[in-house]
Amino acid sequence: MMPIWTKSGEKHAVTLLKVQDCHVLRYVSKEESGGKTAKLLVGGKNVSPFSKPESAHEIFKEAGVPRKQKVTTFNVTDDAIIKPGTPLYAAHFRPGQFVDVTAKTIGKGFQGVMKRWGFKGQPASHGQTKTHRRPGAISTNKAAKVYRGKKMPGKMGNIYRTSYGLKVWRINTKHDIIYVNGSVPGHTNCLVKVRDSKLPTYKDCNKNPPFPTFFADGDEELPEDLFDEEIFQFTDPSVTFA
Amino acid sequence: RVSSDGKPPKFQPPPKPVIIDKKTQKEDKRFLSPEFIPPRGRTDPLKYYIERKDMIQRRKVFNIPEFYVGSVLAVTTADPYASNKSTRFVGICIQRGGKGLGATFVLRNVIEDQGVEICYDLYSPRIQAIEVLKLEKRLDENLLYLRDALPEYSTFDVNMKPVPPVDHHEEIPVNKLQVRMKPKPWSKRWERPKYNIKGIKFELPEHKMKAAQKWSQPWLEFDMLREYDTSKIEKKIRKELSEELGK
C-alpha cells in the first residue's frame, strides 16, 4: 500500500495489484452454463505443471497456455467475448474507473466469539468465575432450541470477500500494475480477482474503456504510466492555493 | 624471546593484511535518507523499486535536504486557510518514521509556553520548502523524551538565522547535550534500558536506576533472527540514486 496525493493536496491510501500472466482459458456459452450471460474462464499466475495430474491440464492445453494457479469465471455479455488464449493486461482498466476486488481474507484459525463476531464478553473482575470471553446465553427459554446460524466460535478468515466500488487511480503498463483506492481483502502477494464494479452508482462511469480488452499487438501505443486527472504528478512543482 | 621449556616458541603466523579501501568507505558513509531502505518483509521488491522511482521523481523537482533527528528545520506548507496561503513552522526534528513515499518527520517547538509538534509527510506536494537551519545529530535516534524535558530544550526562535555548517563534509557534529528532565511522572519510563537513551541527565536516586535495569534484555543484541544486514541493498540504492540525481 502506498500514499497518493491529489492536486488539492489530499492524501489517499492506495493498494498496488499486479496483473501476472493472465490468459483467457475458455468460453462457456449462455446455454452451456445455464446462467443469464455467457462466461469466460480466466486464469492467472503461471505455476509448475508437475504438481497436478494430466487430467487437470486439459483446459490449459486447449488454450495453449502454461498451468495457472487460479481459474475464475467472469459473466460477460455476448459482444465482449474474447478468444481463448489471449493474454490480459493491466491496461484493460483505465484510471477513473471503479472496480470490485475479491480475494480470500487472511486466515485467523479457530477464534473465539469476541474476535470473530465482536461480542463484548464479561468483566475482568467483580466476582466473574472463569467467564471473561465466553458468549453467555445462546438462546431464549421459549425457543427451546438454538437457531441455525447462531454466532459461535469457529474458523475465522480464509473466505472470499469483496470490496466494492474502489477507484482506479493509476495504471503502470510497463509492469502491469493497477493502483486501486483503499484496502483490499487478503494478505500481501495473494491472488485477487478484479472486476468492473456492479454498484448502481458506478454503472455509467466507464468513459471509453478498451473493449473487449486491451490487445498488446494492436495499434495503440500507451505511455508507461496512465494517471487519473486529479492525481498530483511528481513532475509538477508543489501545490499552492490561489 | 624467553621460552619457558627450552623448546622453540610456537609458530605464530604473520597477521593478515587488512586492506582499507578509502573510496568505498567514503561512499558507504555518505548520507542515504532512511526512507529508501526497504523494511524486512515478504513484499515483492518490484513495489519498492516503483516507489523509489516516484521518490526520485519528486526529489528532482523539489529539494529534500539532508537532515537528522536533532537538526532544526523550517518548513513552509501551502495552507488554504492562512492569510498568505502558506505557513512556516520552525522546530527540532524529534523522529523520522515511515518508509518509501509515506516517510514522515515530526518537528517540535515551544510557542508561547505551549509545546507544539507537527508531523509532516516528506513527499507531500503541499510542502513548498524545507530549510535546514542547524544540521546536527544527537546521541539518540529519536528525541521523544523532549516532551518530558524542561521546555528550554525544545524552544527555538521562529526567526532563527540558518547556522552555516562547519566545513567538514564527512563529519556531522554530534551534539552531546544531556537534557534535564521535569520531575516524574513522565509519559514513558525513559530510564528503562529498552529505550536506550543516552541524551538524558538522570537525576534519579541510584536504587531507582538499578531497579530499572531489571527490565534489561541483554540477549537481544545477540539475537540472530533480528539481524538485518542492509549493506548490499544500500549499495544498490546508492548507485541508483547517484545515477538518477547526480546528473
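This is a predicted model: local features need pLDDT of at least 70, side-chain atom pairs count only at pLDDT 80 or more; totals for chains, interfaces and linings use all residues.
In soluble globular proteins, nonpolar side chains tend to be buried together. The largest nonpolar core of the model holds 60 residues. Those that touch the most other members are A:Tyr179, B:Phe105, B:Tyr123, B:Tyr145 and B:Leu146. Strand S2 of chain B, which covers residues 86–97, supplies the largest share of this core, namely five residues. Another core, of 23 residues, lies apart from it and includes A:Leu17, A:Cys22, A:Leu40 and A:Ala90. The surroundings of B:Tyr145 can be listed individually. When neighbours within four places in sequence are left aside, B:Tyr145 is in contact with B:Asp140, B:Val179, B:Met181, B:Trp190, B:Ile197, B:Gly199 and B:Ile200.

Strands of a sheet pair through backbone hydrogen bonds, either parallel or antiparallel. In chain B, five strands form an open sheet with antiparallel pairing, in the order S4-S3-S2-S1-S5. Strand S4 (114–121) and strand S5 (127–134) of chain B each have a single partner strand, so one side of each is left without a neighbour in the sheet. On average, and with direction ignored, neighbouring strands of this sheet are turned by 35° against each other. The pairing of strand S1 (residues 72–78) of chain B with S5(B) is antiparallel and extends over six bridges. Within S5(B), B:Ala129 is the bridge partner of B:Thr76.

In chain A, strand S10 (residues 160–172) takes part in several pairings. Six bridges link S10(A) in the antiparallel sense to strand S7 (residues 98–104) of chain A, and A:Thr102 stands opposite A:Thr162 in S10(A). Strand S11 (residues 177–181) of chain A runs antiparallel to S10(A) and is joined to it by four bridges. Here A:Ile171 stands opposite A:Ile178 in S11(A). The hairpin of S10(A) and S11(A) has four residues between the strands, and A:Asp176 takes a positive phi near 60° in this hairpin. Three bridges also join S10(A) to strand S13 (residues 225–227) of chain A, again in an antiparallel arrangement. In S13(A), A:Leu226 is the bridge partner of A:Ile171.

A residue in a loop of chain A was also examined. A:Arg133 is located in the loop between helix H3 (113–117) and strand S9 (154–156) of chain A. The relative accessible area of A:Arg133 is 56%, so this residue is classed as exposed, the cut-off being over 50%. With neighbours within four places in sequence set aside, A:Arg133 is in contact with A:Val113, A:Met114 and A:Gln122. The C-alpha atoms of A:Arg133 and A:Ile106 are 22 Å apart in space, and the two residues are 27 residues apart in sequence.

Two or more lining residues are contributed by each of the following elements of chain B: helix H1 (22–29), S2, strand S6 (137–138) and helix H4 (231–245). One cavity of 30 Å³ or more is counted. The largest cavity contains about 60 Å³ of space. Its lining consists of B:Glu35, B:Phe36, B:Pro38, B:Pro39, B:Tyr48, B:Glu51, B:Arg52, B:Met55, B:Lys99 and B:Gly100.

Technical notes: Residues are numbered from 1 along each chain as its sequence is written. Chains are lettered from A and ligands numbered from 1 in the order in which they are written. Side-chain values use heavy atoms; hydrogens and water are left out. A nonpolar core is a set of buried Ala, Val, Leu, Ile, Met, Phe, Trp, Tyr and Cys residues joined through side-chain atoms within 4.5 Å. Buried means under 20% relative accessible area, exposed over 50%, partly exposed in between (1.4 Å probe, protein chains only). Contact means heavy atoms within 4.5 Å. Two strands pair if DSSP finds at least two bridges between them. Axes are lines fitted to C-alpha atoms, for helices over the stretch in contact, and angles run from 0 to 180 degrees between N-to-C directions. On a 1 Å grid over the protein atoms alone, a cavity is a set of points where a 1.4 Å probe fits but cannot get out, and a pocket is an open set with protein on both sides within 12 Å along at least five of seven lines; lining residues have an atom within 4 Å of a point. Grid points are joined across faces, edges and corners, and a volume is the space filled by probe spheres set on the points.
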